[in-house]
Amino acid sequence: MRVLLLRRMRQRTMVFLALFLVVAVSSGVATGILGFLRAAEVDGVHSLLESRTGADRALELSLTTEADADAQDARVDALLGTVFRDGDRVLPVSVFRSTVSANPVPLSIVVRAFAASIPELESNADLIDGTWPAGAGHASVQADAAAALGLVPGDSLEVGNMTATITGTWRLSDPFDPRWVSDPLLTTGLEGAVLGPIVLSPDALVATGATTRTRSAIVPEVSALRAGDLQIFLTGWDGITDSLRSDGGFRVDSLDLGGRFDTAAESAQESVDALRAVVPVTLLVVAAIAILTLLQLGRLLASLRADEWLLLWSRGDTVPGLLRVTIIEALAVASLAAAAGTGLGLLALGEDPLLLRSLVWIVPATTVLVATLAFGATTFVALRSVARHEAAEDGGRAARVSGIAGPILLALAAGISTWQLLLYGSPLTPTRDGGTQVDPLAVLAPALVLLTLVTLALATVPMLTRPLDRLADRSTRLALVPRTLARRSRLLAAPLVLCALASGQVTLAAGYAQTWNATYTTASELRAGSELTVTGARARLTESTLDTIAGVDGVTVAAPVYSEQVLVGATTASMIAVTPAALAFLAIPVTGILDPAALADRITAPFDGPVLPDGTSTIGLTVDSTAATPDDLTVVVADEFGVQHSLPVTESYSAVLPAGRGEWRIDAIIVALKDGGAASLTITGITADGAAIDLGAGWSAAGFDPRPVFVAPVSSGPGFTDAAAVSTVHLTPPLGFLGGDTRPPVVVSTALAAEAGIRVGDIVPIYLDSRLDSVSCLVTAIVPAIPGARLESAFLIDGAIVQAARLGIYSELSPPRVAWLGADDPAVAADTVRAAITPGVTVSALSTDDNRAILGSAATALWIGAAGGGILSVVAVIAVVGAQVRSRRGEVDVLRALGVSDRELAATRRAELGAALAVGLIVGVLSGLVVTLLTIPALARAAVPESYAAIATTVGIHPLGLGIGLGAFALSFGIIGVEYGRRVTR
């Protein structure tokens, strides 16, 4: 029996070889796409989270310390191992513990401070003064807290109920290490209004008599995370309170949770969720091509074996017996092919097979099952026809009904799926807990619409019968071609459909790639604002930090940008305050959306204060003061890019200017009053390299001690009177007052204009700072987006206004959190700047955007799917051609007898196949374009973090990719056609 089975299979080698190739390619492509996207997801999670610092990389669980602290810690560890678990695998986390007094502990110096016990502090902190504690009676103190408390090494200090000797002071080596969870007590020595910590040994901390809390800093090992781990962390942390309560051994009423890793994880998960949305689009079309190919191969095998089955049936074989033989054949071939395809897919992927988890066996098993069912179904239909003495191609009433119902049901499914996608505008929908999830219905829209359009195109073929007949009547050459196309369309239906689906998928891939790339580029450029940006994650960019950045090799300029959330009337909006010169020079122009030069003109505010010409090197002041000795004066200047410098004035009332760009604006003159200093002071003159500069009128005076205190300005020029009760006075030119008739110009975004009902020319109240009353600003333009803004509702204002205004309300300069940089090579400069500045400052270059590479994997996956679909269609067409050569041999003999030459026969067959394939290519490309226009914008937008709702997604087609794909099809099908014609006449 086995020998007979092999002989029968050998007679149909072409079909079974095609089956092997189809299953191997399908299994390999599916494995490759799923593995590739899983790897991209993991890389994306690693990249997005490894850039986080401090509390963004950690979770914190704090409980009142129990009598048996070690047992409590062990129970917490066991609970975390249960909560953060994926099957038998415990998610990789590191737990760092410290014990801190629940409340400030009384000290012998009549203040209270926090006390703590911190394991491994010596290896994670720098000793500032003294030595590390060597015994139970020794203590160390955070250096800033020690300075504020007046403690030095050698001091004896009562801490609660025990006495300790201070041996040293310290600061954290890396305050942004996640193990510290950005605890201000450890990083700055101050939590609220309480100083600390005073670090003791565990026994000494107990001896203080203070109630303590054990803080467990949970730091996930980001580099070891796998796909899906983030969701486990999020779910586990969301239910941690219930888990502690269920355990029964914890005092949940004392629980405090901290850290921001859950927020960072949610953000990262949303960024990579878009990759999952592409999987159904890619795999469904590949699956459709594979299934149609398998069905065609099954039908071909049935047509080739029809006479054989009729003979065997007439001699006593049963339909179940013959069906069982075909199923065994298909199962054997498909199993070998699936194993080979999956293995090659994993080999090409170059990743650990465990990355795919159960998909490693689910994908090949599913492929084998589908192949076996396809061959079994077509064989059963054919055998039933044989048993009923029907023509093999006559499917009966059921086939006719399914031929009508199938396209209708498919169109209905496509319509519902597309409606769902367009309703939400994205395949990602919000969940109840505030996250997102892939909508299983919406993601099917592109594939279902493509299948529907191709199916409808095939259904119109019978309508072409009469036109093709008339064409055949008029034809003088190859008259059989239109006759065959008109009356025997089922012979060529398979090549047409397969070619249409394959070319449609290539068009989809080209549409997604171009559309996503354009949308991502626009959004990333607008969100960044500049090619190279620096952001202070936890601190502002001080004058010294900006000077360091500006002095880095390759950096040509650094411009401060005030990026903050403020109120516009009652609406929360992002404020971007940057000088017009910096905006025009550093902002990225976006065609049709953002013209930095035009925006710079729209926000330029008049400045009535003194301006120093470009190239000035020395400032001179003439001062009239009631002080017996000169007070300390500082001149605050800013260049045209808004870079502020505090210049100390010498006893001869002069100051030296640093290097800068363009003219210098004098933002303020700060007078630090000494004991018995001036009660009144007036600046009567300013010179630039000896040349007198117009002081202007309307200067303001603001006193600080250190809080704002009113002082009276002089009637003209910069000066003050009656300042005996203050320590510092800021003299600011007219721009710093922002009162009266001043109307600073602003440009607002479309989203803010819509939300707040703003139009061009309106006067809107804007709170530039929480300490300021609202400032009435004039709206000069409304644009789709504001460069560098975190919110879509945003506005743009001259940075000089914000700088000058804050000099009148703060005792010190108010540095920005963001700076835009100019550089010859942004990518190289980014690395250099990172090496030059302290941790906690993020440097971002658009040219080295990790997100682009990660999210661009979706487009790559679509190209892989298109290549796989193309290979399947070529294999299927080869199988169809091979089978038709055999099944139509009798037709060749008849035509030869009628006088048709072999050359004409070959040309006729090539023309038939070529016409079907050409129609298929045209139908596929047109269907792909329709699907791209209808569904790809929503799909592409979902893969763009923080895309702009106010900016329409521009649909495009990747011309090179589409050209290569269609060219490959044309070449492959051309070769097949030539070989087909040659084999027909053998």
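Predicted model: local features only at pLDDT ≥ 70, side-chain atom pairs only at ≥ 80, totals over all residues.

Biologist: OK, how many salt bridges does a search of the whole structure find?

Modeller: The search turns up 15 salt bridges.

Biologist: Which residue does Arg-97 meet in a salt bridge?

Modeller: Asp-73, with N to O at 3.4 Å. Arg-97 is in strand S4 and Asp-73 in helix H3, so the pair ties together parts that are 24 residues apart in sequence.

Biologist: And Asp-73, does it count as buried or exposed?

Modeller: Buried: its relative accessibility is 18%, and the cut-off for buried is under 20%.

Biologist: What about Asp-183, which residue is its salt bridge partner?

Modeller: Arg-215, and the closest N and O atoms are 2.6 Å apart. Asp-183 sits in the loop between S10 and helix H5, while Arg-215 belongs to strand S13, so this pair ties together parts 32 residues apart in sequence. Both Asp-183 and Arg-215 are buried.

Biologist: Which parts of the chain does the Arg-806 and Glu-564 pair link?

Modeller: Distant ones: Arg-806 is in helix H22 and Glu-564 in strand S18, 242 residues apart. Their side chains meet at 2.6 Å, N to O. Arg-806 is buried, and Glu-564 is too. There's also a network of salt bridges linking Arg-52, Asp-56 and Arg-260.

Biologist: In which sense does each of S7, S8 and S9 pair with S10?

Modeller: S7 (residues 125-130) pairs with S10 in the antiparallel sense over five bridges, with Leu-127 having Trp-170 as its bridge partner. S8 (residues 138-142) pairs with S10 in the parallel sense, over five bridges, and there Val-141 stands opposite Thr-169. S9 (residues 156-159) runs antiparallel to S10, joined by four bridges, with Glu-158 opposite Thr-163.

Biologist: How many residues are between S9 and S10 in that hairpin?

Modeller: Two. Gly-160, in the turn, has a positive phi of about 65°.

Biologist: Now helices. Which residues of H10 are buried?

Modeller: Ala-306, Glu-308 and Trp-309 are buried in H10, which spans residues 306-314. They cover an arc of only 160° around the axis, so they lie on the same side of H10. The face turned away from that buried side carries the exposed residues Asp-307 and Ser-314.

Biologist: What follows H10?

Modeller: Gly-316, which has a positive phi near 115°.

Biologist: Last topic, the inside. How many residues has the largest nonpolar core?

Modeller: It has 159 residues, and among those with the most contacts inside it are Leu-19, Leu-49 and Phe-84. Helix H9 (residues 261-304) gives the largest share of this core, 21 residues.

Biologist: What is Leu-49 in contact with, leaving aside its neighbours within four places in sequence?

Modeller: Its contacts include Val-222, Leu-225, Leu-230, Phe-261 and Ala-264. There's also a second, separate core of 31 residues, which includes Val-635, Trp-664, Ala-688 and Ala-723.

How values were computed:
Residues numbered from 1 in each chain as written. Heavy atoms only, no water. Pairing = 2+ DSSP bridges. Buried < 20%, exposed > 50% of the residue type's maximum accessible area, 1.4 Å probe, protein only. Arc of directions from axis to C-beta. Core = buried A, V, L, I, M, F, W, Y, C linked by side-chain atoms within 4.5 Å. Contact = heavy atoms within 4.5 Å. Salt bridge = Lys/Arg side-chain N within 4 Å of Asp/Glu carboxyl O.
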